[in-house]
Amino acid sequence: MKLAQKIYEGVKLPDGKSTGLITYMRTDGLHISDGAVEDIRSFVTERYGQNFISNNARKFFKKVKNAQEAHEAIRPTDIRRLPSMLAGIFDEDCLKLYTLIWSRSVACQMEPSVTEQIQVDIGNAVGSIIFRSSSSRKDFLGFQAIYKDVETKTIRNDEDQENEQNGFFEVLNNFKPGDSVSLGKLELKQHHTQHPPRYSEGSLVKKMEELGIGRPSTYATTINVLKDRNYVIVKNRVLYPEFRGRMVSAFLCHHFSEVTNYSFTADMETELDNVSGGMTEWKDVGENIWYIAKTLYGDEDDEASPDNGRAVEEPKVLGLHPGSNEKVLLKDGPYGHYVQLGEDKKGHLPKRASVSQISDVSSITLEDALQLLRYPITLGKHPDDGQPVVLKLARAGLSVKHRRTQAPVPKVYVNRHIINLFATLL
């Protein structure tokens, strides 16, 4: 990110002008402006020929959830500013990063490569023993031509493996069905199934991106915190958890499982999207984050802003619960009126429900209170993660909640649910 920031801010070029060399780099967007796409396509045609350019402009979009695509993809501000033009201006690391950005930007508008594959099965006459060998070769380089370009020599991989692969292809291609072969040498090797590899910094960032955790501007900071606090140690570019990291992780997962869940960040983004779309009350989201009001005064759907200036009424006994024989009370608190099942006891929080939906509090009966105290109702478990799906009575009406996602219930379902509820009470 430091190198990208330096390239983004720009340097003084030989013509004496200072300019930024890449677009905004703290983005995970993949789309490119139409003008930039046309410049890239024109450049590819001039440098590699018409066969290497796609018939239509290629467009890319982020597949992960909650992608922030307000900015363009990272690309050179001028595709014709070749890496070789900056060889004497940038240090080696900055030049490599610019070359990578330049080459990926050019390649995204080029044709796919074409690969020819061959597979040869060799066995005994009865077919009880079969050995298989396969290889491939490039028939058309397509976008991979950019990585053969002299401009990308600073990031080019070793070509020995590719040359060896081409040699294998020619050997296998010379075989014909029915050819006889003889065993020249036999080597016995033992293979053990390997455990999944540990994360490297790159693979960890990729996994966080898939889960919707963090953003491009926070990935480097996240990994630095893990290392600076001795949660992990890096050996040969592989991340190994330290004892402190394991203990902190176990503590957080045990006591704060909701927050440490992989989907916490993505669910929070969804909740904020629901708030901006008018599907969820912002007060409900705030109360879900701070569990304070429910602990002190009762249901989390109580009024978010207490009125401490008014007088609080004495509790009123509405009657006894037919099942438990506990008192059903109408009480008044800083967040408004609510009904409560049972007396207050030390170390025990009785079940409570807000009565904000009822305009005339004095008209509340025992039957009304019992109906309110039935909520929240667990409807079942979500088929994807097995977590409960709960029907809640919020200030704006009935809503369905799964983990940290909450959505209002349409009126047609509300009426049907109320009818079924009354039938159960009767």
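1. Accessible areas are taken here from the Shrake-Rupley method with a 1.4 Å probe. On that basis, the accessible surface of the protein chain comes to about 27800 Å², and 53% of this surface belongs to carbon and sulfur atoms. The model is a predicted one, and every remark below should be read accordingly.

2. Overall composition. The protein chain has 13 helices and 14 strands. It comprises 426 residues, of which 31% count as buried. Among the contacts in the protein chain with a separation of 6 or more, 55% are between residues 24 or more positions apart.

3. Nonpolar cores. The largest nonpolar core has 27 residues. Those with the most contacts inside this core are L21, V44, Y48, F90, W102, V106 and M110. The elements giving two or more residues to the core are α1 (2-9), α2 and α3, and α3 gives the most, with 7 residues. There is also a second, separate core of 19 residues, which includes A353, V361, L391 and V409.

4. Aromatic pairs. How many aromatic pairs does the structure hold? There are 4 aromatic pairs in the structure. One of the pairs is formed by F43 and W102, with ring centres 5.9 Å apart. Their planes lie at 80°, so this pair is edge-to-face, the class for angles over 60 degrees. The pair links distant parts of the chain: F43 belongs to helix α2 (residues 34-48) and W102 to helix α3 (residues 92-107), and the two are 59 residues apart. Both F43 and W102 are buried.

5. Surroundings of W102. Which residues does W102 contact when its neighbours within four places in sequence are left aside? The contacts of W102 are with F43, P76, I79, R81, L82, P83, I146, E151 and T152.

6. The rings of Y48 and F52 have their centres 6.1 Å apart, and their planes make an angle of 45°, so the pair is classed as tilted. Y48 is buried, at a relative accessible area of 18%, and F52 likewise counts as buried, at 16% relative accessibility. Y48, F52 and F140 form one aromatic cluster.

7. A charge over a ring. K235 lies over the face of Y240, at 5.7 Å from the ring centre.

8. Strand β9 and its partners. Is strand β9 (residues 336-341) enclosed or open? Of its 6 residues, 5 are buried, so strand β9 is largely enclosed by the rest of the structure. β8 and β9 pair in the antiparallel sense over 6 bridges, and D332 has H337 in β9 as its bridge partner. β9 is also joined to strand β10 (residues 351-354) by 4 bridges, again running antiparallel. Here the bridge partner of Y338 is S354 in β10.

9. Backbone features to inspect. The peptide bond joining Y375 and P376 is cis, with omega about -5°. P376 is placed in the loop between α12 (366-373) and β11 (377-381). Positive phi values occur in two asparagines. N230 has a phi of about 60° although it is not a glycine; this residue lies in the loop between α6 (216-228) and β5 (232-235) and is partly exposed, with a relative accessible area of 45%. For N325, phi is near 65°, also a positive value in a residue other than glycine. N325 lies in the loop between β7 (316-320) and β8 (327-333) and is exposed, with a relative accessible area of 55%.

10. Position of Q144. Where is Q144 placed? Q144 is in the loop between β4 (130-140) and α4 (160-173). At 25% relative accessibility, Q144 counts as partly exposed. Its C-alpha atom is separated by 9.7 Å from that of S103, a residue 41 positions away along the chain. With neighbours within four places in sequence left aside, Q144 is in contact with S113 and K138.

Technical notes: Residues are numbered from 1 along each chain as its sequence is written. This is a predicted model: local features need pLDDT of at least 70, side-chain atom pairs count only at pLDDT 80 or more; totals for chains, interfaces and linings use all residues. Side-chain values use heavy atoms; hydrogens and water are left out. Rings of Phe, Tyr and Trp (its six-membered ring) pair if their centres lie within 6.5 Å; planes under 30 degrees apart count as stacked, over 60 as edge-to-face and the rest as tilted. Buried means under 20% relative accessible area, exposed over 50%, partly exposed in between (1.4 Å probe, protein chains only). A charge sits over a ring if NZ of Lys or CZ of Arg is within 6 Å of the ring centre and within 35 degrees of the ring normal. Contact means heavy atoms within 4.5 Å. Two strands pair if DSSP finds at least two bridges between them. A nonpolar core is a set of buried Ala, Val, Leu, Ile, Met, Phe, Trp, Tyr and Cys residues joined through side-chain atoms within 4.5 Å.
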